[in-house]
Amino acid sequence: MELKRLTISSLHRRIAYGEIKAADVCRAALDRIERLTELNAFITVIAEDAIARAEKIDRAVEQGKQLPPLAGAVIAVKDNMVMRGVRTTAGSRILFNYKPPYTATAVERLQAAGAVIVGKTNLDEFAMGSSTENSAYGPVKNPWDTTRVPGGSSGGSAVAVAAGMAMGALGSDTGGSVRQPASLSGVVGLKPTYGRVSRYGLIAFGSSLDQIGPFANSVEDVARILSVIAGRDLNDSTSSEVAVDDYVSALAGEVRGLRVGVPREYYGTGLDAEVNEKIETAIKKLEGLGAEIIDISLPHTEYAVPVYYLIATAEASSNLARYDGVRFGFRAEEAATLKAMYSRTREQGFGAEVKRRIMLGTYALSAGYYDQYYGKAQKVRTLIERDFRDAFARCDVIATPTSPTPAFKLGEKTDDPLEMYLSDIYTITANLAGVPGLSLPCGLSSSGLPIGIQLIGKQFDEARLLRAAHNLEQVLGFDATPPTARDI
Amino acid sequence: MPITKTDVEKIAELGRLELTSQETELFTEQLSSIIGHIEKLNEIDTTTVPPMSHCAPSGGDMEYAKRDDRVRPSLGQKVAVENAPDAEAGYFKVPRVIGG
């Protein structure tokens, strides 16, 4: 059975008509996960529970019951979202044995909708990274070329979908951690509007930026997953009360008259020529569908990386204070005093990138530097948000590259944190402004690596964003399969 | 402004990280380079710009999210300590606090 060719909607129909058994689909996914362990996409596989849930769907079919919207859909979940009783590591040694007593709202909603969760996917430790090399459980490999990174931090989720180990996946996106790996791994990935999906049970990184988002092989499947996970949750006071649209029905419309903004700041130095060419071709196709292409400016773009790396690290340094060896996870053994136990536990439990960010964030918040760094970053963030507000007065969606280059080599950027940070240059602005962004595969480079186009929408305008992406997807006709996934 | 080794040691203390001497060296160099990039923000005059602390989901002005102050069921003592590296009789156990 080929999961790459099976959409969530077609699966629903085939399961309902008894043409296919949910348990067989689930076993096919588990089998593929086992055969592709070299990609290191999963930290924990939940085989028994997954099969039990799939069999329950099959029994419901036999009893003639109405099936929930994601019945039998095989979904992978990034290992920074908690599931009751299932080890959740956040890619860190400091949570090597943590078994959460509760389940994240987004995961609970997937399960209630009949989804079969097959496992917890690998990630950069605490979602801090752009390559999934910062995991205490080893790096994830790109299925298009296993000497390259899949992007990050949700690399495991992106690869699970790209290589047919799951039909969809959840990731989290603080600065591009869904969209950038989607681009580098050749799948669709959406970061919804800040507050569209509950963050309850998502292990916090940068609380004013974090958002859970879906991966899938098509825009329609992304829309189906979003429809289930979106909406107000009393356990997350930042989840929005704005009504959830019917994202699947919204796909049906056309894009004639849609105003597509092209921000000139996103097409400058550092953008790979092949990426540029593919994005331009995709924009021309949108124009061919009747969209109006408008030249726009987001003048504060060049300040986004420094603003992001102050705000995200400041919030992280505070959020990660809870890992102290007292209530859960790892504790260093040999410390005689409480303070020494804290410092030694954190020294041994965190990896290099996490420590670096705690250091930077602590510095940005420390007495004497607060106004100069953190305060300054918050003000420039206002300017970046205003850029988007001004731009959206003139256009409906914005089209940019997702990442300046296709997938880079494993180890290529690990020695230079600043270089790694700059690979998020096109994605972090959407987090700072709280607007939704989606990455859609738009072709392969000459060396066979996927390239993604990013579409950014207005706050809570996911319906229009998904419709634009769906229309573009149809004319692009991207349906390549990664070589690693082809051989088996 | 370059970051010194002393700065790094002080920040590590604040962040409760017992860094190795190699890490202190490495972070001194890397944080200086990152802060150097961040100094770019000083190019912009922000005297009249208000700070943005979170994305107001309505797109409107900032407002604090509130909920009703109502007691709801919680984990309970037994479950709450289940993940603790060391616990006794429903309490978390830690090394000595005073006199270290």
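This is a predicted model: local features need pLDDT of at least 70, side-chain atom pairs count only at pLDDT 80 or more; totals for chains, interfaces and linings use all residues.
**Overall fold**

Chain A has 488 residues, for which a compact globule would have a radius of gyration near 23 Å; the value for chain A is 21 Å, which agrees. Its C-alpha atoms fill a box of roughly 65 × 55 × 45 Å along the principal axes. Buried residues make up 63% of the chain. Take the contacts in chain A between residues at least 6 apart in sequence: 77% of them join residues at least 24 apart.

**The sheet**

The 11 strands form an open sheet with mixed pairing. Their order in chain A is E1-E3-E2-E4-E6-E5-E10-E11-E9-E7-E8. The edges belong to E1 (42-45) and E8 (292-296) of chain A; each has a single partner strand, so one side of each is left without a neighbour in the sheet. Neighbouring strands are turned by 30° against each other on average, direction ignored.

A:Val45 has A:Gly119 in E3(A) as its bridge partner.

Helix H5 of chain A lies across E1, E2, E3, E4, E5 and E6 of chain A. H5(A) runs at about 155° to E4(A). The residue ranges are as follows.

| Element of chain A | Residues |
|---|---|
| Helix H5 | residues 155-162 |
| Strand E2 | residues 74-78 |
| Strand E4 | residues 168-173 |
| Strand E5 | residues 188-191 |
| Strand E6 | residues 211-216 |

**A helix crossing**

Helices H10 (residues 304-319) and H12 (residues 352-365) of chain A have axes that come within 7 Å and cross at roughly 100°. Angles of 65 to 115 degrees count as roughly perpendicular, so H10(A) is roughly perpendicular to H12(A). The contact residues of this pair divide into eight nonpolar, four polar and one charged. From H10(A) they include A:Tyr309, A:Leu310 and A:Thr313. From H12(A) they include A:Arg357, A:Ile358 and A:Leu360.

**The side facing chain B**

Contacts between the chains involve 58 residues of chain A and 42 residues of chain B. On the chain A side, the elements that give two or more residues are H10, H11 (338-349), H12, H13 (371-391) and H14 (417-421). H13(A) gives the most, with 11 residues. By class, this side of chain A has 28 nonpolar, 17 polar and 13 charged residues.

Definitions and conventions. Residues are numbered from 1 along each chain as its sequence is written. Chains are lettered from A and ligands numbered from 1 in the order in which they are written. The radius of gyration is taken over C-alpha atoms; the globule rule is 2.2 Å times the number of residues to the power 0.38. A residue is buried if 20 or more other C-beta atoms lie within 10 Å of its own, exposed if 12 or fewer, and partly exposed in between; C-beta atoms are placed from the backbone. Two residues are in contact if their C-beta atoms, placed from the backbone, lie within 7 Å. Two strands pair if DSSP finds at least two bridges between them. Helices (H or I, at least four residues) and strands (E, at least two) are DSSP runs, numbered from the N terminus. Axes are lines fitted to C-alpha atoms, for helices over the stretch in contact, and angles run from 0 to 180 degrees between N-to-C directions. Angles under 35 degrees count as roughly parallel, over 145 as roughly antiparallel, 65 to 115 as roughly perpendicular and the rest as oblique. Ala, Val, Leu, Ile, Met, Phe, Trp, Tyr, Cys and Pro count as nonpolar, Asp, Glu, Lys and Arg as charged, and the others, Gly among them, as polar.
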